[in-house]
Amino acid sequence: MSNEETFETKITNAKTILEKLMDPALPMNESVKAYEQGMSELKIAEKMLEQAQLQIQIIKNQDQ
């Protein structure tokens, strides 16, 4: 993750890659690379979301 990108940035990057993948003129090898990059962005975003959910749960548990 470069320079502490945000969850929103990762989702935006994945959307941009999806738009690129929808181009029928995109060569197969570039499609595969874009797919891999998009999946990587989504995995990182998912981890960020899981961390945020864990932090929320910890805060909720502290209040009890």
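The chain has a radius of gyration of 16 Å, whereas a compact globule of 64 residues would have one near 11 Å. This radius is taken over C-alpha atoms, and the globule rule is 2.2 Å times the number of residues to the power 0.38. The model is predicted: local features need pLDDT of at least 70, side-chain atom pairs count only at pLDDT 80 or more, and totals for chains, interfaces and linings use all residues. Residues are numbered from 1 along each chain as its sequence is written, and side-chain values use heavy atoms, without hydrogens and water.

The C-alpha trace spans about 55 × 20 × 15 Å along its principal axes.

The accessible surface totals about 5400 Å². Carbon and sulfur atoms account for 56% of that surface. Areas come from the Shrake-Rupley method with a 1.4 Å probe; for residues, only the protein chains shown count as cover. Of the 64 residues, 16% count as buried. Buried means under 20% relative accessible area, exposed over 50%, and partly exposed in between (1.4 Å probe, protein chains only).

Helix α2 covers residues 28–63 and includes Tyr35. Glu41 also lies in helix α2. Glu41 is buried, at 11% relative accessible area. Leaving aside residues up to four places away in sequence, Glu41 touches Lys10, Asn13, Ala14 and Ile17. Contact here means heavy atoms within 4.5 Å.

Key
Helix = DSSP H or I, 4+ residues; strand = E, 2+ residues; numbered from the N terminus.
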